[in-house]
Amino acid sequence: MPVALARSLLPKDTIIGISVSNVEEAKAAAASGLIDYVGIGAVWWTGSKDLKGKLCLGVDGVGEVLDVIAEGERKNDKVIKSVAIGKPPSPRALLLLTYR
């Protein structure tokens with residue numbers, strides 16, 4: 001369901017999120033001003049899902065998506081929360097996301 005339609009049908013305080021797998025999807029989501037959070041990924045390949053030809057973003061890709069989301073936040077004066085999707089190859093890999 002398109003986000004605009006969901007937003008029009010649901011109560012005003014409903015939290016709406018969308019998954020993005022690349023910068024272009026993130027730009028569209030952030031520019032809409034209609035979302036409250038984004039799921040970003042897959043960050044790492046997990047072996048448990050068929051990514052249907054999509055590439056894993058990796059740490060740099062997540063950073064690029066977060067930069068785009070931050071632009072949307074400034075433009076719409078709205079905080080957009082985010083979560084990275086995909087099992088990290090090791091617990092230490094999460095530090096890369098923290099310190100990027």
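Helices (H or I, at least four residues) and strands (E, at least two) are DSSP runs, numbered from the N terminus. The structure on display is a predicted model, in which local features need pLDDT of at least 70 and side-chain atom pairs count only at pLDDT 80 or more, while totals for chains, interfaces and linings use all residues. Residues are numbered from 1 along each chain as its sequence is written, and side-chain values use heavy atoms, with hydrogens and water left out.

**The whole chain**

Display the entire protein as a cartoon. Four helices and three strands make up its secondary structure, and from the N terminus on they follow the order α-β-α-β-α-β-α. A residue is called buried under 20% relative accessible area, exposed over 50%, and partly exposed in between (1.4 Å probe, protein chains only). Of the 100 residues of the protein, 31% are buried.

**The nonpolar core**

Next, select Ile40, Val65 and Ile69. These residues touch the most other members of the largest nonpolar core, which has 21 residues. Such a core is a set of buried Ala, Val, Leu, Ile, Met, Phe, Trp, Tyr and Cys residues joined through side-chain atoms within 4.5 Å. At least two residues of this core come from each of helix 1 (3-9), helix 2 (23-32), strand 2 (37-41) and helix 3 (58-76). Which element supplies the largest share of this core? It is helix 3, with five residues.

Keep Val65 selected and show its surroundings. Contact means heavy atoms within 4.5 Å. Residues up to four places away in sequence not being counted, Val65 touches Val20, Asn22, Val23, Ala26, Ile40 and Leu57.

**Helix 2 against helix 3**

Two packed helices are described by the angle between their axes and the distance between the axes. Select helix 2 and helix 3: the angle is about 15 degrees, and the axes are 8 Å apart. Axes are lines fitted to C-alpha atoms, for helices over the stretch in contact, and angles run from 0 to 180 degrees between N-to-C directions. Angles under 35 degrees count as roughly parallel, over 145 as roughly antiparallel, 65 to 115 as roughly perpendicular and the rest as oblique. Helix 2 and helix 3 are therefore roughly parallel to each other.

Now show the side chains between them. Helix 2 contributes Val23, Ala26, Lys27, Ala30 and Ala31 to the contact, and helix 3 contributes Glu64, Val65, Val68, Ile69, Gly72, Lys75 and Asn76.

**Loop residues**

Move to Ser21, in the loop between strand 1 (17-20) and helix 2. Is Ser21 buried or exposed? Ser21 is buried, because its relative accessible area is 11%. Apart from neighbours within four places in sequence, Ser21 is in contact with Gly41, Lys54 and Leu57.

Select Trp44 in the loop between strand 2 and helix 3. Trp44 has a relative accessible area of 14% and is therefore buried.

**Two backbone features**

Most residues other than glycine have a negative phi, and most peptide bonds are trans. Select Gly41 and Ala42, which are joined by a cis peptide bond with omega about 15 degrees. Ala42 belongs to the loop between strand 2 and helix 3.

Finally, select Asp77, located in the loop between helix 3 and strand 3 (81-85). Asp77 is a residue other than glycine with a positive phi, near 50 degrees. Its relative accessible area is 73%, so Asp77 is exposed.
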